[in-house]
Amino acid sequence: MFGILNKFNHKAEIRESKDEILVGEIVRAMARQGGTAVTFLANNDYQRVKFRIVGDPILSYVYVTLDRKTGTGIVGAAVFGSKATLTVSAETKNYIADPDDLVAMYRTDLANLFRMPVLGGIRLNHELNSIFATTTLVIDIDNYVLKGEPGVQALMAHLQHTIQELRERLRPFKKA
């Protein structure tokens, strides 16, 4: 009887920890792609990791935010699965000031005021010498966690594709 109770508690802990496991897999996947984790921010079901991208001509940093929405309880996991929003932001830095850049920055900011990107769309934002491209997707944590190497490969492919899209959106804004 005691063994059954321990097994039930262990399954509950695994179910509640899937988002933390996925963040660990994200750190591992980004390390394989040359990203160094420099900052971690974590709450109950919200984790954000900042990665320094070394040697990339466009990107300076990539931010990956995982915000778990469902699946922490046994009923929610059975009905909805383990859903989370995965937000990936890429940052490029320009260390020179140009009046034309300021005009482009205000144009982008005005465009952001009057439109909301659809889930999965890319939004651009200027902040002085940084330009950010951000996209958000709803993912199922179970597709990547506790799957072994196929789950890691799927996560790496997903992150590579997303970061490449963000890089291409930032390319016209990067100054030499």
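Let's start with how the chain folds back on itself: of the contacts (heavy atoms within 4.5 Å) between residues at least 6 apart in sequence, 58% join residues at least 24 apart. Keep in mind that this is a predicted model, in which local features need pLDDT of at least 70 and side-chain atom pairs count only at pLDDT 80 or more, while totals for chains, interfaces and linings use all residues. Residues are numbered from 1 along each chain as its sequence is written, and side-chain values use heavy atoms, with hydrogens and water left out.

Next, the secondary structure. The chain contains five helices and six strands, taken as DSSP runs numbered from the N terminus, with helices being H or I of at least four residues and strands E of at least two. In sequence order, these elements give the pattern α-α-β-β-β-α-β-α-β-β-α.

Now to the inside and the surface. Of the 176 residues, 39% count as buried, meaning under 20% relative accessible area with a 1.4 Å probe and protein chains only. The chain exposes about 10200 Å², and carbon and sulfur atoms supply 60% of that area; the areas come from the Shrake-Rupley method with a 1.4 Å probe.

In soluble globular proteins, nonpolar side chains tend to be buried together. Here the largest nonpolar core has 32 residues, and those with the most contacts inside it include Leu 22, Ile 26 and Leu 170. Such a core is a set of buried Ala, Val, Leu, Ile, Met, Phe, Trp, Tyr and Cys residues joined through side-chain atoms within 4.5 Å. Among the elements that each supply at least two of its residues are α2 (18-32), β3 (61-68) and α5 (149-170). The largest share, seven residues, comes from α5. Take a look at Ile 26: leaving aside residues up to four places away in sequence, Ile 26 touches Phe 51, Val 64, Leu 86, Leu 155 and Leu 159.

How do α2 and α5 pack? Their angle is about 65°, with the axes 9 Å apart; axes are lines fitted to C-alpha atoms, for helices over the stretch in contact, and angles run from 0 to 180 degrees between N-to-C directions. Among the residues making the contact are Leu 22, Ile 26 and Met 30 of α2, together with Val 152, Leu 155 and Leu 159 of α5.

Finally, Lys 175 lies in the segment after α5. The C-alpha atoms of Lys 175 and Asn 94 are separated by 6.0 Å, although these residues are 81 apart along the chain.

Technical notes
Buried means under 20% relative accessible area, exposed over 50%, partly exposed in between (1.4 Å probe, protein chains only).
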